Amino acid sequence: MRRYGKHTDEDDIRSRPNRKGNRPRTHIRPKHEDAAGGMVLTVDRGRLTCLVDGRIVMAMKARELGRKAAIVGDRVALVGDLSGKKDTLARIVRIEERSSVLRRTADDDDPYERVVVANADQLAVVTALADPEPRPRLIDRCLVAAFDGGLTPLLVMTKSDLASADELLELYGHLDIPYVVTSREELESGDAADRVREHLTGRITAFVGHSGVGKTTLVNALVPEERRRLTGHVNAVTGRGRHTTTSALALPLADTDDWVIDTPGVRSFGLAHIDPARVIHAFPDLEPGTEGCPRACSHDEPDCALDAWVAEGHADPARLYSLRRLLATRERRDGD
């Protein structure tokens with residue numbers, strides 16, 4: 001039996017309202033073509049500090065983005081109150097495509113990867129030569145993450161007045177990584193910042209390192225005013241002051257388009273997400289030799305074609321040793 005006749009009156013038709021409101025459900029998302037572009041500077045418990053047209057704007061992620069998270073360095077589109085005034089809040093409605101990502105896992109058995117920084121061009125690995133002692137395996141892991149994520153590595157060695165840098169330089173010399181060696185006096189006087197700044201031109205550089213190596217002291221020397229300006233604004237809006245120790249923080253270098261990103265001190269750097277096939281891209285002198293490798297070659301097995309490639313004189317044996325040492329870091333713990 002038909003419930004309605006041929007010509008029904010709309011008033012007679014019962015419609016079930018959306019249980020969350022009377023607005024009809026739809027899968028069509030707004031395009032937000034008028035959204036303003038911005039950059040995420042830091043993230044703290046759901047609140048994102050963004051730079052929009054020179055203004056610091058507090059924002060939250062729009063529900064329509066689902067589980068997709070915005071991280072420091074992301075280029076985003078925002079709507080809402082973009083004035084940057086106290087107690088205002090904007091909404092991030094789009095996360096633009098990333099040019100690079102720095103990722104890590106809690107350990108090598110953890111399948112969940114964490115994106116630390118987006119869109120950085122360079123990774124500055126900061127290590128002390130003494131107090132604390134250098135940890136080459138941790139440095140190796142940071143380098144592998146840089147190569148995998150598309151970042152150019154920079155090695156910054158501090159406290160050269162306590163120990164020589166010769167041993168580390170010999171260990172990493174065959175990787176052709178640019179480096180800076182500084183002392184405690186240079187770090188305190190600002191001379192270290194001047195020398196590091198020469199390697200930051202035209203780039204967004206993320207700084208990583210173990211606690212106590214002088215990483216944040218160096219970043220503070222590079223951008224002292226910007227850190228105070230940003231953290232002061234954030235504290236006034238959110239009442240929180242944990243950004244410098246628990247969250248990455250992007251800061252612009254004065255009078256340039258360059259950026260530095262300070263990240264929390266790391267104790268470990270898991271590489272569960274690393275694909276050896278991507279790490280080899282950082283070794284252009286070795287990469288052609290992999291054409292004869294068996295499928296899914298780890299580049300450290302009897303049938304690896306790189307041994308013959310090096311034996312034929314196409315590359316330095318020390319380069320192959322360096323590659324295999326980096327790839328083997330997944331099998332060793334940081335403190336080994």
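# Briefing on the interior and backbone of a predicted model

Setting aside neighbours within four places in sequence, leucine 123 is in contact with Leu102, Cys142, Ala146, Leu151, Thr152, Pro153, Leu154, Ala206 and Val208. The structure is a predicted model. Leu123 is also among the residues with the most contacts inside the largest nonpolar core, together with Leu143, Leu286 and Leu323. The points below cover the cores, the cysteines, the cavities and several individual residues.

**Nonpolar cores**

- The largest nonpolar core comprises 53 residues.
- Helix H1, which spans residues 136-149, supplies the largest share of this core, with 8 residues.
- As a general background, nonpolar side chains in soluble globular proteins tend to be buried together.

**Cysteines**

- The number of disulfides in the structure is 0.
- A disulfide is a covalent bond between the sulfur atoms of two cysteines.
- For cysteine 304, the closest cysteine sulfur belongs to cysteine 293; the two sulfurs are 3.9 Å apart, which is too far for a bond, because a disulfide requires the sulfur atoms to be within 2.5 Å.
- Cysteine 304 has a relative accessible area of 5% and is therefore buried, the cut-off for this class being under 20%.
- Cysteine 142, one of the contacts of leucine 123, is likewise classed as buried, with 2% relative accessibility.

**Cavities**

- The model contains 2 cavities of 30 Å³ or more.
- The largest cavity holds about 100 Å³ of space.
- This largest cavity is lined by 14 residues, of which Val126, Thr127, Leu138, Ile139 and His210 are the closest to its centre.
- Two or more lining residues come from each of strand E8 (122-128) and H1.
- Strand E8 contributes the most to this lining, with 4 residues.
- By type, the lining of the largest cavity consists of 9 nonpolar, 3 polar and 2 charged residues.

**Threonine 263**

- Threonine 263 is located in the loop between strand E13 (259-262) and helix H8 (276-279).
- Its relative accessibility is 3%, so threonine 263 counts as buried.
- Apart from neighbours within four places in sequence, threonine 263 is in contact with Val116, Val117, Phe207, Val208, Lys215 and Ala248.
- Alanine 248 is 15 residues away from threonine 263 along the chain, yet their C-alpha atoms are separated by 4.2 Å.

**Backbone features**

- In general, most residues other than glycine have a negative phi, and most peptide bonds are trans.
- The peptide bond that runs from aspartate 131 to proline 132 is cis, and its omega is near 5°.
- Proline 132 belongs to the loop between E8 and H1, the two elements that each give two or more residues to the lining of the largest cavity.
- Asparagine 119, although not a glycine, has a positive phi of about 65°.
- Asparagine 119 sits in the loop between strand E7 (113-118) and E8, and its relative accessible area of 8% makes this residue buried.
- Aspartate 176 also has a positive phi, of about 55°, without being a glycine.
- The loop between helix H2 (166-172) and strand E10 (179-181) contains aspartate 176.
- With a relative accessible area of 60%, aspartate 176 is exposed, whereas asparagine 119 is buried.

Terms used:
Residues numbered from 1 in each chain as written. Predicted model: local features only at pLDDT ≥ 70, side-chain atom pairs only at ≥ 80, totals over all residues. Heavy atoms only, no water. Core = buried A, V, L, I, M, F, W, Y, C linked by side-chain atoms within 4.5 Å. Buried < 20%, exposed > 50% of the residue type's maximum accessible area, 1.4 Å probe, protein only. Contact = heavy atoms within 4.5 Å. 1 Å grid on protein atoms, 1.4 Å probe; cavity = no way out; pocket = protein on both sides within 12 Å on 5 of 7 lines; lining within 4 Å. Points joined across faces, edges and corners; volume = space filled by probe spheres on them. Nonpolar A, V, L, I, M, F, W, Y, C, P; charged D, E, K, R; others polar.
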